[in-house]
Amino acid sequence: MNIQITKKAWKKITEIIHKTNNQYGMIFSASSGGCNGFNFELDLLTNPIHQKIKQNKFLTILTNEKSKVYIDPLSEMYLVGTTIDYINEDIKKNIYESKFIYKIDKDLMTSCGCGISFSPKNENIF
């Protein structure tokens, strides 16, 4: 099991990196909080963070032909089984905003209705 990114999400990630002139890529991590224990975080990578994490020889980096997404080493064990996707606004389908969504492996984690907050299942962490 690993972390995956759909074609639609890669397209949006590449667009964001290009429009912001970011030369490092994005970082996918988990932060504490939310209604379920942890929040998914997908942010542009800054130079100081890039310099710090690129020294980790075990760093997981997801790439397509144009972009990179770094997986935060401290968060990776919590994020395994996640698929990053992107949905476009479609009022006819009751989707009122374009956004990244995070699909979870329900054998490894639980998520609340917001789709941003999750909790690993304890038996799968240790």
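At 17% relative accessibility, N39 counts as buried. Buried here means under 20% relative accessible area, exposed over 50%, and partly exposed in between, with a 1.4 Å probe and protein chains only. This is a predicted model, where local features need pLDDT of at least 70, side-chain atom pairs count only at pLDDT 80 or more, and totals for chains, interfaces and linings use all residues. Residues are numbered from 1 along each chain as its sequence is written, and side-chain values use heavy atoms, with hydrogens and water left out.

N39 lies in strand β3. Strands are DSSP runs of E with at least two residues, helices are runs of H or I with at least four, and both are numbered from the N terminus. Contact means heavy atoms within 4.5 Å. Leaving aside neighbours within four places in sequence, N39 is in contact with S29, A30, S31, S32, G33, G34, I116, S117 and F118. One of these, S117, is 78 residues from N39 in sequence. In space the two are 4.4 Å apart, C-alpha to C-alpha.

Now take S29. This residue lies in strand β2 (residues 26-32). S29 is buried, with a relative accessible area of 14%.

Strands of a sheet pair through backbone hydrogen bonds, either parallel or antiparallel. Two strands count as paired if DSSP finds at least two bridges between them. This open sheet has 6 strands in the order β4-β5-β2-β3-β9-β8, with mixed pairing. β4 (60-63) and β8 (109-111) stand at the edges, each with a single partner strand, so one side of each has no neighbour in the sheet. On average, neighbouring strands are turned by 35° against each other, direction ignored. Axes are lines fitted to C-alpha atoms, for helices over the stretch in contact, and angles between N-to-C directions run from 0 to 180 degrees.

Follow the pairs across. β2 and β3 (residues 38-44) are antiparallel over 7 bridges. There, I27 stands opposite D43 in β3. β3 is joined to β9 (residues 117-120) by 2 bridges, and they run antiparallel. F38 faces F118 of β9. β8 and β9 are also antiparallel, with 3 bridges. M109 has P120 in β9 as its bridge partner.

A second open sheet has 3 strands, in the order β1-β6-β7, with mixed pairing. Its edges are β1 (4-5) and β7 (99-103), each with a single partner strand, so one side of each is left without a neighbour in the sheet. β6 (residues 83-87) runs antiparallel to β7, joined by 5 bridges. D85 stands opposite I101 in β7.

How far should the 13 residues of α1 span? The expected span is 1.5 Å times one less than the number of residues. That gives 18 Å, and the end C-alpha atoms are 18 Å apart, which agrees. The buried residues of α1 are A9, W10, K12, I13, T14 and I17. An α-helix has 3.6 residues a turn, so residues three or four places apart point the same way. After α1 comes N21, whose phi is positive, near 55°.
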